[in-house]
Amino acid sequence: MSLSPEELDRHRRHILLKEIGGPGVQKLRAASVSIIGAGALGGPAALYLAAAGVGRIEIWDDDRVERSNLQRQVQFAEADTGAVKAETLGARIAALDPSIDVRVMAKRFAEDSRPEGTVLVDASDNFATRFALNRLAHASGRALVSAAVSGWTGQVGVFASGVIAQAPCYQCWVPEAPPAAEACDEVGVVGAVTGLTGSILALETVKWITGAGDPLIGRILVIDGLRSETRTVRLRRDLQCPVCSA
Ligand SMILES: [Zn+2]
């Protein structure tokens, strides 16, 4: 698949990078990504993946836009209040690049959901969805790029247990949901930290698809917005893990 003059023009700044280049842009055009969650993480992730020219983007979310979302979900405007998030975000992506095949799944991701993407992006806000996505990613041999935010902190990791031998899965890291797990409905979260973390979801997905650099496989990037520091936590495959060592 060669790039059209329009694609060469649009993706020039990626083509100029030796780690992406024309072949990387072609891989992005041929890629298919499912993003679970169209909120504070899914917005920036979807917009940057669309801008990067990912050929097919599927968006899962059953929520509607509320005014309290606008503090961080910058993909939405005041006039979108009450609209279905997945549809509104899908329309933003289509407006950004009409050549992208956008699939809107305006329903809640569940255990029996079958996302099409060859890369799964976890931009959800709950452990049940993360665990279900992790099981699906492992069983179907797909990478799971996952992020979470709370307060001033964001975390991102790439879980590739179904693709790379010895790579840990999400449940090697988080064996079970913490007892005090709360969604950001109940705790505060800084809007700019969600934007930063959602952008890293897109960054890691672009790296995974193009083969550029070192994705966060077996590592968690922790962003501390309050101290303006980042650190990386190394993970190992848990030999007792019910998902990837079964
Ligand atoms: Zn595991």
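Me: At what angle do helix H3 and H8 pack, and how far apart are their axes?

Reply: Helix H3 (residues 21-30) and H8 pack at about 105°, and their axes are 9 Å apart. That makes H3 roughly perpendicular to H8, a label for angles of 65 to 115 degrees; under 35 counts as roughly parallel, over 145 as roughly antiparallel and the rest as oblique. Axes are lines fitted to C-alpha atoms, for helices over the stretch in contact, and angles run from 0 to 180 degrees between N-to-C directions. Helices here are DSSP runs of H or I with at least four residues, strands are runs of E with at least two, and both are numbered from the N terminus.

Me: Which residues make that contact?

Reply: Gly24, Lys27 and Leu28 on the H3 side, and Val206, Ile209 and Thr210 on the H8 side. Contact means that the C-beta atoms of two residues, placed from the backbone, lie within 7 Å.

Me: What kind of model is this, and how are residues numbered?

Reply: This is a predicted model, where local features need pLDDT of at least 70, side-chain atom pairs count only at pLDDT 80 or more, and totals for chains, interfaces and linings use all residues. Residues are numbered from 1 along each chain as its sequence is written.

Me: Back to H8. How many of its residues are buried?

Reply: 15 of the 20 residues of H8 are buried, so H8 is largely enclosed by the rest of the structure. Buried means 20 or more other C-beta atoms within 10 Å of the residue's own, exposed means 12 or fewer, and partly exposed is in between, with C-beta atoms placed from the backbone.

Me: What does H8 reach from end to end, and what follows?

Reply: From first C-alpha to last, H8 reaches 29 Å, close to the 28 Å expected at 1.5 Å a residue; the expected span is 1.5 Å times one less than the number of residues. Glycine 211 follows H8, with a positive phi near 80°.

Me: New topic: what is the strand order in the sheet?

Reply: The open sheet of eight strands runs S3-S2-S1-S4-S5-S6-S7-S8, with mixed pairing. Two strands pair if DSSP finds at least two bridges between them.

Me: Which strands stand at the edges?

Reply: Strand S3 (101-105) and strand S8 (229-234). Each has a single partner strand, so one side of each lacks a neighbour in the sheet.

Me: How many bridges join S2 to S3?

Reply: Five, and the two strands run parallel. Tryptophan 60, for one, has methionine 105 in S3 as its bridge partner. Helix H5 (residues 85-96) packs on the sheet, touching S2 and S3, and its direction makes about 175° with that of S3.

Me: Where are they, and are they buried or exposed?

Reply: Glutamine 166 is in the loop between S6 and helix H7 (170-173), and counts as exposed with 11 C-beta neighbours inside 10 Å. Serine 228 is in the loop between S7 and S8; with 8 such neighbours, serine 228 is exposed too.

Me: And tyrosine 48, where is that?

Reply: Tyrosine 48 is in helix H4 (residues 42-51), and is partly exposed, with 18 C-beta neighbours inside 10 Å. Leaving aside neighbours within four places in sequence, tyrosine 48 is in contact with Ser199 and Ala202.
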